[in-house]
Amino acid sequence: MIVLGLILLIVGILIGIPILTTIGIILLVVGAILAVLGAVGRPVGGRAHYF
């Protein structure tokens with residue numbers, strides 16, 4: 001999810017499509033939150049890892 005967010009962010013900036021940039025930022029933030037929760041051992045959605 002973090003990689004997809006980063007790709008969308010870069011493509012949105014290069015092409016100049018603001019919706020891709022916005023979606024990329026949202027995916028980066030959500031991916032980072034899920035990664036941190038998984039790293040500290042807290043189950044996310046009933047699973048120890050979201051990936």
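This is a predicted model: local features need pLDDT of at least 70, side-chain atom pairs count only at pLDDT 80 or more; totals for chains, interfaces and linings use all residues.
Residues are numbered from 1 along each chain as its sequence is written, and side-chain values use heavy atoms, with hydrogens and water left out.

The chain has two helices and zero strands; helices (H or I, at least four residues) and strands (E, at least two) are DSSP runs, numbered from the N terminus. Of the 51 residues in the chain, 22% are buried, where buried means under 20% relative accessible area, exposed over 50%, and partly exposed in between (1.4 Å probe, protein chains only). The chain exposes about 3,600 Å², and carbon and sulfur atoms supply 80% of that area. Such areas come from the Shrake-Rupley method with a 1.4 Å probe; for residues, only the protein chains shown count as cover.

Helix α1 covers residues 2-15 and helix α2 residues 18-39; they pack at an angle of about 160°, with their axes 7 Å apart. Axes here are lines fitted to C-alpha atoms, for helices over the stretch in contact, and angles run from 0 to 180 degrees between N-to-C directions.

Contact means heavy atoms within 4.5 Å. Residues of α1 that meet α2 include Leu8, Leu9, Gly12 and Ile13, and among their counterparts in α2 are Leu20, Thr21 and Gly24. By class, this contact has 14 nonpolar, five polar and no charged residues. Ala, Val, Leu, Ile, Met, Phe, Trp, Tyr, Cys and Pro count as nonpolar, Asp, Glu, Lys and Arg as charged, and the others, Gly among them, as polar.

Threonine 21 is in helix α2 and counts as buried because its relative accessibility is 17%. Leaving aside neighbours within four places in sequence, threonine 21 is in contact with Leu8, Leu9, Gly12 and Ile13. Isoleucine 13 lies in helix α1 and, at 58% relative accessibility, counts as exposed. The C-alpha atoms of isoleucine 13 and glycine 24 are separated by 10.0 Å.
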